Structures are given as C-alpha cells and as structure tokens.
Amino acid sequence: MDYLPIFVDLKGRKVLVVGAGDVAARKVSLLLRAGARVSVVAPDMSDAVSALNADGKIDFVKAVYNNSQLTECALAIAATNNMAVNRQVSEDAQQYGVLVNVADAPELCTFILPSIVDRSPVMVAVSTGGASPTLGRLLRARLETMIPASYGRLAELTRRFRDPVKQRFKTMTQRRRFWENVIQGQVAELVYANKDQQAEQALQAAIDQADSRELSEGEVYLVGAGPGDPDLLTFRALRLMQQADVVLYDRLVSPKILDLVRREAEQIYVGKKRSFHAVRQEEINHQLIDLAKQGKRVLRLKGGDPFIFGRGGEEIAGLADEGIPFQVVPGVTAAAGCASYAGIPLTHRDYAQSVIFVTGQLKDGTVDLQWQTLAQPRQTVVVYMGLAGLDIICSKLIEQGVSPDMPAALVQQGTTPSQRVFTGTLSTLNALVAQHEVHAPTLLIIGEVVQLHERLNWFNPQE
Ligand code: SAH
C-alpha cells in the first residue's frame with residue numbers, strides 16, 4: 001500500500017493554500033465543502049478566488065509566502081505556478097509536521113487528494129497513487145453511475161436509528177445482520193423511491209418486530225471459488241464472501257480471491273496434502289458445525305465447483321443432520337476453466353460427443369479406473385489430480401486400444417497468470433512433462449479435441 005486512505009475532519013480547522021489561481025480555487029472550494037477555515041496566501045488572486053473572498057468565505061492574505069503562515073495549520077496546499085515556492089512550502093510543512101499537497105508534483109506531497117464520489121455522509125474516494133489519474137477518473141465515473149444519489153439519505157436515516165438499534169439488539173452480530181436486512185430490503189427501496197417518511201416507519205416497525213434469535217442463527221455457505229481467476233467468481237459467491245464472519249479455505253483458493261472476502265472475517269486454512277485427507281476431512285466437517293452453532297456465518301470456500309471432486313457433499317451432510325441452514329454455490333470447475341483458457345473445447349461435433357470427468361487419485365491413493373469406459377472413441381477424458389498417475393493413465397489407455405498418438409494436454413494452474421499448457425500424445429506427454437518443472441494443480445485432458453489448442457489458444461499470460 002503506497003498511501004493510507006483516511007477521511008479528515010476539517011471543520012473549523014485552518015488550512016493554508018498558497019497560490020490563488022484556478023487550480024488553487026478548485027482546491028479551496030473542496031476544502032470549504034469540508035468546513036475548513038481556509039487561508040489563501042498570494043500576491044494576487046484570480047477571479048474565482050476573488051469571488052470567494054468577496055463572499056467572505058476565505059481569509060485572503062495578500063502577501064508572498066513565508067513559513068510563519070503555516071502555524072496552526074491542519075494541512076497545507078501549494079498551488080502556485082512557481083515551482084521554487086511550491087517546493088519551499090513542501091519542505092517547510094514537512095519540517096513542521098504539517099501534511100502537504102503540491103499540485104502536480106507527487107514527489108513533493110505527503111498527502112494526495114483522491115477523486116471522490118460525494119453522497120454525503122457517504123463518501124467514496126478513489127486513488128491510483130498518482131500512477132494513472134485517467135484510470136482514477138474513469139473508475140470514479142463508473143462509481144458515480146453505480147451509487148444512487150439516495151445513498152446519502154439512506155445513510156442519514158440509519159444514523160438517526162443507530163442508538164435505538166443498539167439498545168434493542170445486544171450483540172454486534174445481531175446489529176450487523178439487522179442493518180444488512182434494512183439496507184438490502186424494503187426500507188432502502190422506500191428511500192430510493194423518495195418515500196422517506198414511509199421508510200422511517202418501516203424501519204421503526206423492523207426494529208419492533210425483528211427476532212433476535214433469528215438474527216443470531218448461524219449458517220454455512222459452501223461456495224465454489226472457480227479455478228483461480230477471480231473474474232470467474234459468480235455474483236452470488238461474491239455476495240456471500242462479503243457477508244461471512246469466518247472463512248475456511250483450501251489450498252486451491254488463490255490469494256486474489258481471498259482478498260475479496262470481507263476484511264473482518266476470520267480466515268482459517270484447512271488445506272490438505274494429497275492422500276492425507278481422511279482424518280482432516282472429519283475435522284473440517286465438525287468445525288463447520290461448531291462455528292455455525294456459535295451463530296457464525298461460515299463461508300466454506302473451495303476451488304472450482306464444490307460438488308465436483310470437492311467433497312462438498314460430505315461436508316454438508318453433517319450440517320443437514322444437525323438442521324443447520326446451508327446453501328451451495330456452484331463454481332467454474334477446473335475442467336471448464338482450464339479447457340476455455342487453453343483453447344480446448346471439451347466437446348466438438350467433429351471430434352467428441354461426450355466428455356467424462358474422472359479423478360486420478362482414489363481414496364486409498366491408488367489409480368484404479370474403469371479403463372474400458374475411458375478408452376471409448378469420440379470422447380474427451382478429463383482427469384483431475386492426474387499428475388502423479390500420468391504415466392499409468394497413459395499406458396493403461398494404450399493397453400485398452402487407444403492410439404498412442406491420441407493427443408493429450410496437461411494444463412498447469414489454469415486460468416491464472418502462471419498457466420502453462422503442455423501438449424503431446426499418450427506416448428509422449430509423460431516424458432515431456434518430466435522435462436519441465438511442473439507446479440500443482442494440473443489437469444489432464446485426453447482426446448482428439450486437444451489438437452484444437454494450437455489454433456484456438458488465446459490466453460498466453462507468460463508472453
Ligand atoms: N472442486 C474442484 C476440484 C478439486 S480436486 C473443481 O471443481 O475444479 C483438485 C484438482 O482439481 C487438482 O488436482 C487439479 O487436477 C484440478 N484443478 C483445480 N484447479 C485447477 C487449476 N487452476 N488448473 C489446473 N487444474 C486444477
């Protein structure tokens with residue numbers, strides 16, 4: 001993080017603005033909106049500043065800058081067209097411990113002004129740390145259209161009811177959930193429809209009628225996080241990630257995805273190593289039940305889809321037995337993600353009319369599959385957890401009569417910036433892979449469709 005975003009209360013506090021041109025005028029207006037006592041120092045002033053002065057809104061000091069003007073300032077802004085003066089203001093301010101901003105000179109700033117979306121009291125600030133003001137502006141424009149003007153009134157309404165809600169609901173969890181219901185429900189809709197009085201009545205009714213017990217009930221969300229690229233999350237996954245109290249996540253869930261989980265949520269890593277999962281799985285099942293019984297909203301975040309080689313079924317069976325509410329959110333499974341990002345259609349009218357997903361790793365650690373079924377023609381075989389058994393899988397299929405020249409691909413860390421795709425045939429792939437340092441997770445795709453990779457490959461993050 002290059003800059004810490006903070007919101008400063010400037011009401012009644014002195015801010016020094018050095019310079020009185022158009023740039024200075026814009027900064028002065030902003031400071032006045034925040035209630036600051038603005039002192040503008042310059043030998044002359046532009047029309048804009050002069051208008052503010054005539055209205056008595058600023059304290060104009062017709063003079064050249066000197067460091068004594070910095071006394072008792074909360075902030076200082078230098079916006080003259082004389083770089084030497086700007087630099088002097090920056091140096092002096094830093095010496096006095098006053099935060100300073102210099103227009104168009106990030107290296108002289110100790111704070112920068114973000115682009116803002118003002119829905120007071122709701123305020124959204126956007127900064128690119130000076131890296132790309134254009135990007136910042138575009139982002140701000142997008143946020144402007146996303147954030148209804150009525151958010152300000154909604155926030156005002158909730159502010160007035162904070163104390164009554166605090167008295168009515170004893171725990172923080174209950175209060176948070178109560179407010180989430182209000183902000184996502186009928187009360188908010190009424191505010192958006194400009195029916196503020198009805199909104200207020202509805203809010204009062206909600207406070208009177210809410211059931212504290214219901215507000216403290218735990219729940220489990222079993223959520224598929226997809227194969228790695230955060231853009232492949234579903235809207236629902238993201239929404240539940242943002243309201244969880246605690247998250248239990250796997251080795252396969254990328255840090256970028258974890259970043260999207262509600263900041264305050266406790267994070268518990270429950271990743272398992274290969275062939276070690278029997279005991280640990282039991283523990284996870286129990287942990288889910290325990291946490292939900294404590295009234296928590298538990299996010300069980302799994303790579304890919306929770307119901308495809310994800311033991312999702314085992315994890316929620318215990319919840320169902322205990323009568324704990326849960327919901328399951330599908331995710332993009334590795335086969336779909338890797339196939340798309342490797343340009344290998346899993347079915348194709350010319351090559352494959354069916355696709356079969358198998359795991360290369362059985363509960364007892366062996367590879368023992370229905371080889372005959374896998375050897376059927378005009379079918380694509382996708383093997384999850386197939387790297388360790390790659391050699392056996394290829395030879396068994398050849399034994400069953402599949403051509404040694406059948407195309408096969410190994411996709412490493414599909415959909416992520418580290419994605420690599422190795423293509424060969426049943427007889428060459430193993431040796432090819434052995435020559436490279438391959439990192440888990442990897443997915444094996446076998447079938448005629450693999451030859452399409454050469455033409456349809458579009459995602460090359462390493463280039
Ligand atoms: N539930 C998951 C699969 C879990 S099993 C899903 O639906 O995708 C774990 C296996 O999934 C890994 O061993 C690997 O074979 C595969 N896998 C998961 N993510 C992958 C990725 N980004 N790239 C390649 N393979 C992946």
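Visitor: How far apart do the C-alpha centres of domain 3 and domain 4 lie?
Guide: This is a predicted model, so the value is computed from its coordinates. Domain 3 covers 219-332 and domain 4 covers 335-456. Their C-alpha centres are separated by 27 Å.

Visitor: How much area do domain 3 and domain 4 bury between them?
Guide: Eleven residues of domain 3 touch 15 residues of domain 4. Carbon and sulfur atoms carry 71% of the buried area. The total is about 1,100 Å².

Visitor: How many salt bridges does the rule find across the interface of domain 3 and domain 4?
Guide: The rule needs a side-chain nitrogen of Lys or Arg within 4 Å of a carboxyl oxygen of Asp or Glu. By this rule the model has 20 salt bridges. Across the interface of domain 3 and domain 4, the number is zero.

Visitor: Which residue forms a salt bridge with Arg153?
Guide: The closest N and O atoms of the pair are 2.5 Å apart, and the cut-off is 4 Å. Arg153 sits in helix 5 (residues 151-160) and its partner in helix 9 (residues 196-209), so the bridge ties together parts 43 residues apart in sequence. The partner is Asp196.

Visitor: Which residue is joined to Pro121 by a cis peptide bond?
Guide: Most peptide bonds are trans. Here omega is near 5 degrees. Pro121 lies in the loop between strand 6 and strand 7.

Visitor: What is omega for the cis peptide bond that joins Ala440 and Pro441?
Guide: Pro441 is in the loop between helix 18 (429-434) and strand 17 (442-446). Its bond to Ala440 is cis, and omega is about -5 degrees.

Visitor: Is phi of Asp104 positive or negative?
Guide: Most residues other than glycine have a negative phi. Asp104 lies in the loop between strand 5 (99-102) and strand 6. Its phi is near 60 degrees, which is positive.

Key:
Residues are numbered from 1 along each chain as its sequence is written. This is a predicted model: local features need pLDDT of at least 70, side-chain atom pairs count only at pLDDT 80 or more; totals for chains, interfaces and linings use all residues. Side-chain values use heavy atoms; hydrogens and water are left out. Domain bounds come from an automatic or database domain assignment. Contact means heavy atoms within 4.5 Å. Buried area is the accessible area (1.4 Å probe) that two parts lose on being put together, summed over both. Helices (H or I, at least four residues) and strands (E, at least two) are DSSP runs, numbered from the N terminus.
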